[in-house]
Amino acid sequence: MKLVSILVIVTLNGLINAQLWSYQISPPTAILERYFKFLNFIGLDKTPERTDTASEIPLPTTSSTTATSTSTTVPPPQFESWLEIQQNTSFRAILQNINQNGVIVASPSKQNPNYYYQWIRDSAVTVRTLISYLEEHHDNNTKASHSHSQVSNLIELYILNNYKLQRTPNRSGDFANLAGLAEPKFNVDLTAFNEPWGRPQRDGPGLRAMTIIQFIDYLNRTDGEVIHPELQNSNYIYQKIIKPDLQYICQYWNESGFDLWEEVDSIHFFTSMVQLKALQMGIRWSKYFQDEDGTFTTKLINSFDVLKQHIENEFGFVSFGFDHVVESPRLLDSGERLGLDIATILAVIYAHENDDKEQQTGEPVANSMPFNVFNPHVLNSISGLIIDMRQRYPINKNRFGVALGRYPEDVYNGIGTSEGNPWFISTSTASEFIYQFIYNLQIQKSNLVIDDTNRQFFQPLINVTGNEYTLEYNSSDFNSLITKLVEYADSFLDVVRTHTDSQGRMSEQFNKNTGFMQGAKELTWSYSAVWDAIRWRKKALAI
């Protein structure tokens, strides 16, 4: 009887914390009817439903067969069809969260919780997805298309807005000493957010620089031009917007700040890695523009070298007795956390997603980024999270891929503190990481060695006996493992599929007991993470 009472209390607690949105529970017929309407919309219907940014940009049609709305016995879309539908849904949802002036809203939620702000981090991550969209759809026919030009316009508006935000005095500082560049969020009207918050957040300048450099990289590769008259050209963007962020990193890389979850003031792996990546990308463009006759390039190289040295050896991200990356070493030292955090995996996929392109440019080995997808400590980080959360979250029972949260010790429930839950960002990131692993393994055409340092990651997929096992590239065993890795990555996206609503909408979290969505609704970063994961799946399978 006592056990039953405990289970009832746990379930009720989950239902109380879960936000049962009006569209989460619907009769089967209504769900199917909305699904059929959605298929018709993205495949056939060209009439805009609203006048926001999203309705102005037509989505690519899916390969799924459109069902008739008169049927109520058609099963829900299978996984492959769902992927195509959800990627389109996610992209449209991203656009719906971008205002006409290019301000990227983290979520339309204005209470419980209020996420109706523009975060420097969330915005940069989102624009990376928009740039990837341009890259994936770039050819001579699409370059001049309406959707292409509209997405490019939104990106340029984002860049222009950040020129203004960089120069907006705020509680982190101002532009004169560059300290204000680490302000984490602003109001949607481009004014400073002046209430108490976890500040400074030093990943912002790095992510913003990475994103805007990626855009001018894209323009350079495709012979594109800057269209907005206030932005003038790529050199102007570099000098006025990218360079201040790079200067900020050179000045403040060794200072503590709040993590991407806005909870802990310390040195963090995620922050350091995106700072390092921004410096690496900035070196190339400072050379291109011959900035300060090479003086600034030298400054960037020196900062890159010393920061890389600290990441690899000084900051404590690799700690004796631990086989995974320690995201925030101070918390390990204090006994508050063991260091496992999905932020580590986000850092790796952001820092290494363009490794193949950079290798083609002949980037010096000395300028290479550490901790790639093959690094044993990185592999043990993702596998450690999976092992922990397979047991931690009741909804993960009997699952291959599992629902992942931010870190094991998490207590944020989306509104306040009680207990942590799985996040769509985290679960999608596991998929994207494995797809990137597959892609890089295939593109490098190298053998795979499984030994004691990385065995944990492969344990769900292959039984390895002995101290070391080598799978020769393109051998039957190698190809069999690739197939299993794809299935493994797919299984995490299938968890996402299970917990989205009937129209593909996603919140920040879903409850670990009930599976219902909770926290900020329609979170832009959730949609971005899913779109990116599906993109990497296509890249991995295309090799």
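Visitor: Is K538 buried, partly exposed or exposed?
Guide: K538 counts as partly exposed, at 41% relative accessibility. Buried means under 20% relative accessible area, exposed means over 50%, and partly exposed is in between (1.4 Å probe, protein chains only).

Visitor: What kind of model is this?
Guide: This is a predicted model, where local features need pLDDT of at least 70 and side-chain atom pairs count only at pLDDT 80 or more, while totals for chains, interfaces and linings use all residues. Residues are numbered from 1 along each chain as its sequence is written, and side-chain values use heavy atoms, with hydrogens and water left out.

Visitor: Back to K538. Which residue does K538 meet in a salt bridge?
Guide: The partner is E84, with 3.7 Å from N to O. A salt bridge is a side-chain nitrogen of Lys or Arg within 4 Å of a carboxyl oxygen of Asp or Glu.

Visitor: Where do E84 and K538 sit in the chain?
Guide: E84 is in helix α4 (residues 79-96) and K538 is in helix α18 (residues 524-541). They are 454 residues apart, so the pair links distant parts of the chain. Helices here are DSSP runs (H or I, at least four residues), strands are runs of E (at least two), and both are numbered from the N terminus.

Visitor: What about α4 itself, how many of its residues are buried?
Guide: 14 of the 18 residues of α4 are buried, so α4 is largely enclosed by the rest of the structure. From first C-alpha to last, α4 reaches 25 Å, close to the 26 Å expected at 1.5 Å a residue. The expected span is 1.5 Å times one less than the number of residues.

Visitor: How many salt bridges are there?
Guide: The count comes to 22. One of them joins D203 and R121, with the closest N and O atoms 2.7 Å apart. D203 is in helix α7 (residues 203-221) and R121 is in helix α5 (residues 120-136), 82 residues apart.

Visitor: Are D203 and R121 buried or exposed?
Guide: D203 is buried, at 0% relative accessible area. R121 is buried too, at 3%.

Visitor: Which residue pairs with R535?
Guide: R535 forms a salt bridge with E136, and the closest N and O atoms are 3.1 Å apart. R535 lies in α18 and E136 in α5, so the pair ties together parts that are 399 residues apart in sequence. R535 counts as buried at 4% relative accessibility, whereas E136 counts as partly exposed at 40%.

Visitor: New topic. How are α9 and α12 packed?
Guide: Helix α9 (residues 269-288) and helix α12 (residues 342-352) pack at about 10°, with axes 8 Å apart. Axes are lines fitted to C-alpha atoms, for helices over the stretch in contact, and angles run from 0 to 180 degrees between N-to-C directions. The two helices are therefore roughly parallel to each other. Angles under 35 degrees count as roughly parallel, over 145 as roughly antiparallel, 65 to 115 as roughly perpendicular and the rest as oblique.

Visitor: Which residues of α9 meet α12?
Guide: F269, F270, M273 and K277 do. In α12 they meet residues including A343, L346 and Y350. Contact means heavy atoms within 4.5 Å.

Visitor: How many of the residues in that contact are nonpolar?
Guide: Nine are nonpolar, two are polar and one is charged. Ala, Val, Leu, Ile, Met, Phe, Trp, Tyr, Cys and Pro count as nonpolar, Asp, Glu, Lys and Arg as charged, and the others, Gly among them, as polar.

Visitor: Now the backbone. Where are cis peptide bonds?
Guide: One joins N112 and P113, with omega about 0°. P113 is in the loop between α4 and β1 (118-119). Another joins R199 and P200, again with omega about 0°. P200 is in the loop between β2 (185-186) and α7.

Visitor: What is the phi of F371?
Guide: F371 has a positive phi of about 60°, although it is not a glycine. Most residues other than glycine have a negative phi. F371 sits in the loop between α13 (355-360) and α14 (376-392), and counts as buried at 8% relative accessibility.

Visitor: Last one. How many helices and strands does the protein have?
Guide: The protein has 18 helices and eight strands. Buried residues make up 60% of its 543 residues.
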